[in-house]
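Thanks for coming, everyone. Please put the structure up, and we will go through it together.

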Amino acid sequence: MEFPLYKKRDVAIVGVGTSKFGERWDKSLRELAWEAAVPAVEDAGIQGRDIQLVIFGNMSGGLFAGQEHVGALIADFLGLNPTPAIRVEAACASGGVALFQGYLAVASGLYDIVAVGGIEKMTDAPPDRATLALAGAMDSEWEAYFGATFPGLYALIAQRYMHEYKLSRETLAEVAVKNHYHGSMNPLAHFQFKTTVERVISSPLVADPLRRDDCCPISDGAACMILVPAEKARRYTDTPIYIKACTVASDKLALFEREDITTLRATIEASREAYRIAKLSPADIDVIEVHDCFTIAEIIALEDLGFVRKGDAGRLYEEGETYVGGRLPVNTDGGLKAGGHAVGATGVKQVIELVKQLRGEAEKGRQVSNAEYGLAQNVGGSGATVVVTIVGR
Amino acid sequence: MSMLGIPSHWRRRKERYRLIGSKCEACGKVFFPRREICPNCRRRGRVIDVELPGRGKVYSYTVIRVPSEGFEYYAPYIIAIVELENGVRVMSQIVDCNPEDVYIGMPVEVCFRRIFSQGDKGIISYGFKFKPLDDSWIRCYEEEAKISVSEMKV
């Protein structure tokens, strides 16, 4: 995998906006878009008419909210017609892939001001419909057909990981405890309360060994950012954040077909390429956002991204190193677990959290001091799409 | 689960009823499910149908407590990745086995079962499941019977 552009422009993020994540009974798909896009436009100090291209990630507007054709809907209700507007889909990595597309549009020189976003309205669907929609991210003929569920797939990963690397049930719970602690300080988080190891390991079993409190919630939410060429970024803001790399890798759709299920090969491939393009190494990264749809996912992400040796991630949690103030702050907004997982929005929301951290704008108690580089990992399905984005000041 | 029409089931009957996979004659690699193109050799490969061995071991497993739509009747049920004797892996349910008895490395063999049915008027979907190779599944029924006998005595 070699980056094909010989001459590319660097890309900067000059405005960001995130809606409150949660069970947003009061808002529909179109209103959530507005809630994220307006702050992003205001943050960048631009007008809606300045936007040349709109790209939104959305996993399943059709099954979750009975609404397809989401690109045009967003442009319409943001008052942006006839601006081109496109919806992209890669399951839970839809947001990350939207960012990748927006990055390409600006880096290639075709567009100067691009609005990139992600959106999902999940709670209008009855729970079994939402489960069905999410199951569409796995192999429908060979996984969902036999009764696999999404927690089930990650439970298979967890069971094998715990078998091979002797990770304890309590250490796995520490992931959720830490993310809830960070989420308790984030006013946009779905869950803003703390939890304990005891509470996590006594919550009902969903798919052994994973329990309810190992799983991220089903959330409504949207996120939006404005991308411009780096050389023009200072026109819009004093604190541009630069995209050092944005890479995507794919893997086999079905979990059972992969050689080793305790690792996501697409994470390894995408991150290796991202480090190469950014000319950085894991040691340079100050703040990390990973796709903790289930607690086990955060453990293996840190290993696949090269922050810790295979099998050693548990130790970071036993020593509290992944908290803000620790050696390796992870999911400072509460991650998917406490921050919420509006599937199409997550990949964009993660990078916005990094932007806030790098600008020094995170709330008191969860601000990483003097962060220079941040990395986000956004996963689709059980790892068949992974987007890795590195941003820097 | 797929509430899809008859052709979607019909065209998969070889794999789901007889555990047919693919073998690339160029590199020798065997795949499940069937593939039109060998990912190693692509157009240089030659892919043929091959029947997979019906025995293997549990590579990983979980017990689904919160089932997806259509599987409510079966919960809690075991979902496993089974590594067959030739190293190919498949995903399947493990049946005739208590959820607390399954373990990584458990020897299992394939059987033919109903997977789900689409309500009163819909299609009944069949396919493979796996069951323990040893007789633990018989013993679990015997123990159940013993309990009911002792209860009758009281």
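Start with Lys279(A), in the loop between α9 (265–278) and β9 (287–289) of chain A. Helices here are DSSP runs of H or I with at least four residues, strands are runs of E with at least two, and both are numbered from the N terminus. Lys279(A) has a positive phi of about 55°, although it is not a glycine. Is Lys279(A) buried or exposed? Its relative accessibility is 74%, so Lys279(A) counts as exposed. The cut-offs: buried is under 20% relative accessible area, exposed is over 50%, and partly exposed is in between, with a 1.4 Å probe and protein chains only.

Before going on, this is a predicted model, where local features need pLDDT of at least 70, side-chain atom pairs count only at pLDDT 80 or more, and totals for chains, interfaces and linings use all residues. Residues are numbered from 1 along each chain as its sequence is written, chains are lettered from A and ligands numbered from 1 in the order written, and side-chain values use heavy atoms, with hydrogens and water left out.

Back to the backbone. Arg42(B) has a phi near 45°, a positive value in a residue other than glycine. Arg42(B) is in the loop between β2 and β3 of chain B. With a relative accessible area of 55%, Arg42(B) is exposed.

Now the cis peptide bonds. One joins Asp208(A) and Pro209(A), with omega about 5°. Pro209(A) sits in the loop between β5 (205–207) and β6 (210–211) of chain A. Another joins Phe32(B) and Pro33(B), with omega about -5°. Pro33(B) is in the loop between β2 (30–31) and β3 (47–51) of chain B. Why point these out? Most residues other than glycine have a negative phi, and most peptide bonds are trans.

Next, chain A as a whole. It holds 13 helices and 11 strands. The C-alpha trace spans about 55 × 45 × 40 Å along its principal axes. For 393 residues, a compact globule would have a radius of gyration near 21 Å, and chain A, at 19 Å, agrees with that. That radius is taken over C-alpha atoms, and the globule rule is 2.2 Å times the number of residues to the power 0.38. Of the 393 residues, 66% count as buried. Take the contacts in chain A with a separation of 6 or more: residues 24 or more positions apart account for 77% of them. Contact means heavy atoms within 4.5 Å.

Which residues touch the most other members of the largest nonpolar core? Tyr154(A) and Ile296(A), out of 105 residues in that core. Helix α6 (residues 150–165) of chain A gives the largest share, 9 residues. Apart from this core lies another, of 37 residues, including Val16(A) and Phe100(A). A nonpolar core means buried Ala, Val, Leu, Ile, Met, Phe, Trp, Tyr and Cys residues joined through side-chain atoms within 4.5 Å. In soluble globular proteins, nonpolar side chains tend to be buried together.

Stay with helix α6 of chain A, where we find Tyr161(A). At 1% relative accessibility, Tyr161(A) counts as buried. Leaving out residues up to four places away in sequence, Tyr161(A) touches several others, among them Ile296(A), Ile299(A) and Asp312(A). Its C-alpha atom is separated by 8.9 Å from that of Thr263(A), 102 residues apart along the chain.

One loop residue in chain A: Ser19(A), between β1 (11–18) and α1 (29–44). Ser19(A) is buried, with a relative accessible area of 0%. Beyond four places in sequence, its contacts include Arg24(A), Glu35(A) and Gly221(A).

Last, chain B. It has 3 helices and 8 strands. The pattern along the sequence is α-α-β-β-β-β-β-β-β-β-α. Of its 154 residues, 42% count as buried. Val58(B) lies in strand β4 (residues 55–64) of chain B. It is buried, with a relative accessible area of 2%. Val58(B) and Met106(B) are 48 residues apart in sequence, but 5.2 Å apart in space, C-alpha to C-alpha. Setting aside neighbours within four places in sequence, Val58(B) also contacts others, including Ala80(B), Ile94(B) and Tyr103(B).
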